[in-house]
Amino acid sequence: MENILDIIDSIANEKGLSRENVQEAIKTSFIQTAKRIINPTFAFEADIDDRTKNVKLRQIITVVADDAPEIEGEEAGAYMGITSALEIDEEAEIGDQLQMEHDIESYGRSAFATLHREIEFHIQRLVENELYDKYKSKINQIVSGRVTRVDNDQNTTIEIDEIRAVLPMKSRIKGEKFKVGDVVSAIVRRVHVDKANGISMELSRTAPKFLEELLALEVPEIKDGIVVIEKCARIPGERAKIALYTNRPQIDPIGATVGVRGVRINAVSEELCGENIDCVEYSSSPELFISRAMSPAIISAVVVSEEGDEKKAVVTLPSDQKSKAIGKSGINIRLASMLTGYTIELNEVGGSVQMGEKTQEEKKEGLSSLEALFGN
């Protein structure tokens, strides 16, 4: 192991690692090798001599009384009687720690093979930890990569830089199908490392955060923090609602997000397989926020109540607005509830029903007049 510093520099440059981290990994490898080939219960230290560029491996030995029970048995090598210690160091005292150098080369080829495996293992862990730290910082950010595999369960493997990520079928927008070679964008949902499979990353295209990040890419005002996405709710691939606000009176948060002729919002919708995106202006007033979240329905009144963790809102509206408030398959009221955090109950206005009945009576009167004019 001559010129170990040159080896460290080579590994650091090849793997893109810091020299200090590689140096620590090499020292750990020597210590673990010594534990394997000498004794796993002994304490070792390793240092790198900058002058000779070699690793100095030392065993830590504790000084005890000559009749101490520790100097017998399997762990006897970790202890030394005071009499023997004084022969090495005249100032030695009970409880002191002495150092004994070990040379890995003296333990033969098997020791070198063990050391080689340890270095490989610790450098690989170091690489994985570096990647983990790198991609952990990307959680809730968008990444793009090329599809390398789609398994029988439609879980999609995507190659992103140095690692392969998985987009599970449950995190894919309904109706989406990918094939090998497709370029896919998704948000990083989680990153984890295990000893068996190394580093792995899970992606998602159905998380509300994916919509928020797409909007930030498309709308400069959101990226710059001028327009803020306060809340977001999605039923992936079908419809979404986002609540926006700005502290600048001269800026229209809805108009800035939608863009001229809807060009910005349509670009995001296209990436989400045609998902319709409703933009509403956020308000700190629950009543006003709920009223806006129920768009396109026109609301007459909102009464909110909170009991413990339960939040409830009774929304009063004309009967002709009920279908709009509910939406197809209840999607509008579900999204409004998800967006606001309130359980929403609809209450029809009686007056609107009377207006409808009056309209029917007027139609009947008109029909009777025609019949009287033209006969049967």
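Which residue takes a positive phi in the hairpin of β6 and β7? In this predicted model, the residue is D161, with phi near 55 degrees, and the hairpin has two residues between the strands.

## Overall form

The protein chain contains twelve helices and 15 strands. Its radius of gyration is 35 Å, whereas the globule rule gives 21 Å for 376 residues; the chain is therefore more spread out than a compact globule. The C-alpha trace spans about 135 × 50 × 45 Å along the principal axes.

Of the 376 residues, 39% count as buried. The accessible surface of the protein chain comes to about 21900 Å², and carbon and sulfur atoms supply 46% of that area. Among contacts with a sequence separation of 6 or more, 57% are between residues 24 or more positions apart.

## Strand β7 and its partners

Strand β6 covers residues 156-160 and runs antiparallel to β7, to which five bridges join it. One of the paired positions is I158, whose bridge partner in β7 is A165. Strand β7 is also joined to β9 (residues 198-204), here by two bridges and in parallel. In that pairing V166 stands opposite E202 of β9.

In a regular strand, side chains alternate between the two faces of the sheet. Strand β7, residues 163-167, has I163, A165 and L167 on a covered face, while R164 and V166 are on an uncovered one.

## Nonpolar cores

The largest nonpolar core has 43 residues. Those with the most contacts inside this core are V22, I26, F30, I160, M201 and L203. Helix α4, residues 109-136, gives the most to the core, contributing eight residues.

For M201, contacts beyond the neighbours within four places in sequence are with Y135, I160, I163, R164, A165, V166, V188, R190 and V191. Another core lies apart from the largest one; it has 22 residues, including I235, M294, I299 and L317.

## The sheet β13-β14-β15

Three strands, in the order β13-β14-β15, form an open sheet with mixed pairing. The edges are β13 (301-307) and β15 (343-349); each has a single partner strand, so one side of each is left without a neighbour in the sheet. On average, neighbouring strands are turned by 20 degrees against each other, direction ignored.

Strand β14, residues 310-318, runs parallel to β15, and seven bridges join the two. L317 stands opposite E348 in β15; L317 is also among the residues of the 22-residue core. Helix α9 (residues 286-293) packs on the sheet and touches β13, β14 and β15. The direction of α9 makes about 120 degrees with that of β13.

## The loop around V180

V180 is placed in the loop between β7 and β8, the latter strand being residues 183-194. Is V180 buried or exposed? Its relative accessibility is 58%, and V180 counts as exposed because the cut-off for that class is over 50%.

Leaving aside neighbours within four places in sequence, V180 is in contact with V147, T148 and R149. The C-alpha atoms of V180 and R146 are 7.6 Å apart, and the two residues are 34 apart in sequence.

Conventions:
Residues are numbered from 1 along each chain as its sequence is written. This is a predicted model: local features need pLDDT of at least 70, side-chain atom pairs count only at pLDDT 80 or more; totals for chains, interfaces and linings use all residues. Side-chain values use heavy atoms; hydrogens and water are left out. Two strands pair if DSSP finds at least two bridges between them. Helices (H or I, at least four residues) and strands (E, at least two) are DSSP runs, numbered from the N terminus. Axes are lines fitted to C-alpha atoms, for helices over the stretch in contact, and angles run from 0 to 180 degrees between N-to-C directions. Contact means heavy atoms within 4.5 Å. Buried means under 20% relative accessible area, exposed over 50%, partly exposed in between (1.4 Å probe, protein chains only). A nonpolar core is a set of buried Ala, Val, Leu, Ile, Met, Phe, Trp, Tyr and Cys residues joined through side-chain atoms within 4.5 Å. The radius of gyration is taken over C-alpha atoms; the globule rule is 2.2 Å times the number of residues to the power 0.38. Accessible areas come from the Shrake-Rupley method with a 1.4 Å probe; for residues, only the protein chains shown count as cover.
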